[in-house]
Amino acid sequence: MDAPDRDTPEPTPPAPVTLAPIADVLVGGPDDAPFVDPGEQVQTLKFHFTPRTALAGEMERLQTENPHAKATWVVPKVIAALQDEFGDALLDVVGYAGETTVVVETARLADVVQFLFDEVGFDYLTDIGTIDRFTEDDRFEVFYNLCALEAKKRIRLKVRVGEDDPTVPTITHIHPGANWHEREAWDMMGIRFEGLGDHRRIYMPEDFEYHPLRKEFPTLGIPGSLPLPANHPDGDLQADPFPRAHGQIPKDLASDSD
């Protein structure tokens with residue numbers, strides 16, 4: 001019997017039958033089939049979704065099965081009281097992942113917060129946040145997380161404002177600590193608060209012309225908008241926060257002197 005040729009590679013053994021379905025699934029396939037021939041060059045990425053009929057009772061399921069859902073967010077009596085008091089000023093009540101968010105008409109925000117403070121006991125403002133939805137209408141969202149410390153309950157309020165006039169009523173006369181949060185929202189997102197007497201920036205210089213959390217603001221900043229310290233003690237201020245990313249190499253770096 002001749003000795004095997006050492007220069008000839010051994011053939012690759014076929015995949016076990018049990019691995020074939022896994023390989024097929026990894027390959028992907030058209031929308032109407034679980035998988036396709038691996039030899040096909042053009043394939044459709046499958047999109048798996050949950051039919052709407054399967055979402056019936058979703059809120060009840062989240063309240064009972066979601067391991068992160070807390071009883072502090074279950075506030076049906078509070079919602080009923082708000083609906084009785086403000087009616088159509090409550091634009092929507094959203095339940096998700098065991099948490100309750102009430103979308104409020106912007107002009108009535110302070111009234112709703114005052115009512116929750118005086119009549120329901122929501123006496124602690126956890127924080128205020130903003131979202132740039134980057135939409136044509138109602139581009140910005142401002143949300144408020146409130147707590148009733150004695151009752152151990154939580155609720156989230158949300159308002160939406162357009163890009164042309166992103167102004168929201170202040171709630172500093174109800175929660176003085178809102179001053180910091182509202183100034184941060186102005187500094188980072190450019191949302192003004194009617195009645196807030198102090199719109200000084202918190203993070204950025206007062207003469208800074210932009211609001212960095214808006215989605216049109218470049219990730220690498222705007223060269224020249226914010227002079228920064230030099231890379232060398234004797235160097236000049238540098239206008240570009242990321243000069244290398246823009247194809248420039250600072251001349252005052254010792255590593256670049258050559």
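View 1. From the N terminus on, the elements follow the order α-α-α-β-β-α-β-β-β-β-α-β. That comes to five helices and seven strands, where helices (H or I, at least four residues) and strands (E, at least two) are DSSP runs numbered from the N terminus. The model is predicted: local features need pLDDT of at least 70, side-chain atom pairs count only at pLDDT 80 or more, and totals for chains, interfaces and linings use all residues. Residues are numbered from 1 along each chain as its sequence is written, and side-chain values use heavy atoms, leaving out hydrogens and water.

**View 2. A negative surface patch.** Here you can find Asp-84, Glu-85, Asp-118 and Glu-119, which form the patch. Patches take residues with over 30% relative accessible area and no salt bridge, like charges being joined within 9 Å and nonpolar side chains (Val, Leu, Ile, Met, Phe, Trp, Tyr) within 5 Å. A salt bridge means a side-chain nitrogen of Lys or Arg within 4 Å of a carboxyl oxygen of Asp or Glu. Helices α3 (76-86) and α4 (109-120) each supply at least two of the patch residues.

**View 3. Asp-118 in helix α4.** Look for Asp-118 in helix α4. Asp-118 counts as partly exposed because its relative accessibility is 47%; buried means under 20% relative accessible area, exposed over 50%, and partly exposed in between (1.4 Å probe, protein chains only).

**View 4. Gly-197 in the segment after β7.** Gly-197 follows strand β7 (192-194), in the segment after it. With a relative accessible area of 83%, Gly-197 is exposed. Its C-alpha atom is separated by 9.7 Å from that of Thr-172, 25 residues apart along the chain.

How values were computed
Areas by Shrake-Rupley, 256 points an atom, 1.4 Å probe, with all protein chains shown as cover. Lys, Arg positive; Asp, Glu negative; His and termini not counted. Charge placed at Lys NZ, Arg CZ, Asp CG, Glu CD.
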